[in-house]
Amino acid sequence: MSEQHAAVATFQHSLQQDPCADLGTRRRGLLFVLSGPSGVGKDEIARILREDGVPFAWIVTAVTRPPRPEERHGVHHLFVTPEEFQQMIARGELLEWSEVYGRWYGTPRDQVERALAAGQDVLLRIDVQGAAKVRAAMPEAILIFLAPPSLEDLLKRRARRNTETPEQAELRTRLVPWEMEQRWMFDYLVINHQDRQREAAEQVKAIITAEHCRIRRPRREL
């Protein structure tokens, strides 16, 4: 077989194996951020992706709240004191962080960077402010905004969860218009209907596939 024919055969074989794979290079993982208003269903979509076997590196986030009975340090979260959390911020160890009702939550930077360098994709489920911090720190991140079909739908979901005090619910509701306006910062918009979570999850999976098939990464203005 001639050298030219051998090169063509190798190229065709690589496309048959994975049409969207980078050719001749080791692929760096992609960082996906799934964000949106509280109660829109981020955890549910992530659960469906995990059950479907979507290969993400799952990041263990740092929190200052005490562990629940079924939770273990280093498995479900990194349970740290408020002082330890502030030290993590000062040392630049967190990719993003936020305070929610006196509790601090953050994403360890080293876990994300190690996974990406190893060729693993990462999915972060965080609030809109956290998504903005990730975009500033890592402009290559792919931001997906998960939105409710209406404010009424979102409020009904929160009421069914029954996990918020009236004061917390009122504060989160006041934030919704601002959060919805921030969707223009994102790369993709997915509408999550209460009875059609599977449809939303499939759209997120399609976005992941499309990004792996992308030849050129867009330049993003910060």
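**Contacts around one residue**

Mentor: Leaving aside residues up to four places away in sequence, Leu123 touches Phe32, Leu34, Ala46, Leu49, Phe56, Ala57 and Trp58. Please keep in mind that this is a predicted model.

Trainee: Which strand does Leu123 lie in? And is it buried or exposed?
Mentor: Leu123 lies in strand β7, and with a relative accessible area of 3% Leu123 is buried, since anything under 20% counts as buried.

Trainee: How many residues apart in sequence are Leu123 and Leu34?
Mentor: They are 89 residues apart in sequence, while their C-alpha atoms are 7.0 Å apart in space. For the chain as a whole, 70% of the contacts between residues at least 6 apart in sequence join residues at least 24 apart.

Trainee: OK, the sheet then. In what order do the strands come?
Mentor: The order is β2-β7-β1-β8-β9, an open sheet of 5 strands with parallel pairing. Its edge strands are β2 (56-57) and β9, each of which pairs on one side only.

Trainee: What joins β1 and β7?
Mentor: Strand β1 and strand β7, the latter covering residues 121-125, pair in the parallel sense over 4 bridges, and the bridge partner of Leu31 in β7 is Val122. Helix α8 (residues 197-213) packs on the sheet, where it touches β1, β2, β7, β8 and β9, and its direction makes about 160 degrees with that of β9.

Trainee: Which strands does helix α2 lie across?
Mentor: Helix α2, residues 42-51, lies across β1, β2, β7 and β8, and runs at about 155 degrees to β7.

Trainee: Back to β8: why is it described as largely enclosed?
Mentor: Because 6 of the 6 residues of strand β8 (residues 142-147) are buried, the strand is largely enclosed by the rest of the structure. In a regular strand the side chains alternate between the two faces of the sheet. In β8 both faces are covered, with Ile142, Ile144 and Leu146 buried on one side and Leu143, Phe145 and Ala147 buried on the other.

Trainee: And which strands pair with β8?
Mentor: Strand β1 (residues 31-35) pairs with β8 in the parallel sense over 4 bridges, with Ile142 as the bridge partner of Phe32. Strand β9 (residues 188-191) also runs parallel to β8 and is joined to it by 4 bridges, and there the bridge partner of Ala147 is Ile191.

Trainee: Changing topic, how many salt bridges does the structure hold?
Mentor: The structure holds 15 salt bridges. One of them links Asp43 with Arg125, the closest N and O atoms being 3.0 Å apart; since Asp43 lies in helix α2 and Arg125 in strand β7, this pair ties together parts that are 82 residues apart in sequence.

Trainee: Are those two buried or exposed?
Mentor: Asp43 is exposed, at a relative accessible area of 53%, whereas Arg125 is partly exposed, at 37%.

Trainee: What about Glu44 and Arg47?
Mentor: Their side chains meet in a salt bridge at 2.5 Å, N to O, and, being 3 residues apart in helix α2, Glu44 and Arg47 are separated by about one helical turn. Glu44 is partly exposed, with a relative accessible area of 28%, and Arg47 counts as partly exposed at 36%.

Trainee: Which residues are linked in a network of salt bridges?
Mentor: Asp52, Arg198, Glu202 and Lys205 are linked in that way.

Note on methods:
Residues numbered from 1 in each chain as written. Predicted model: local features only at pLDDT ≥ 70, side-chain atom pairs only at ≥ 80, totals over all residues. Heavy atoms only, no water. Contact = heavy atoms within 4.5 Å. Buried < 20%, exposed > 50% of the residue type's maximum accessible area, 1.4 Å probe, protein only. Helix = DSSP H or I, 4+ residues; strand = E, 2+ residues; numbered from the N terminus. Pairing = 2+ DSSP bridges. Axes fitted to C-alpha atoms, helices over the stretch in contact; angles between N-to-C directions. Salt bridge = Lys/Arg side-chain N within 4 Å of Asp/Glu carboxyl O.
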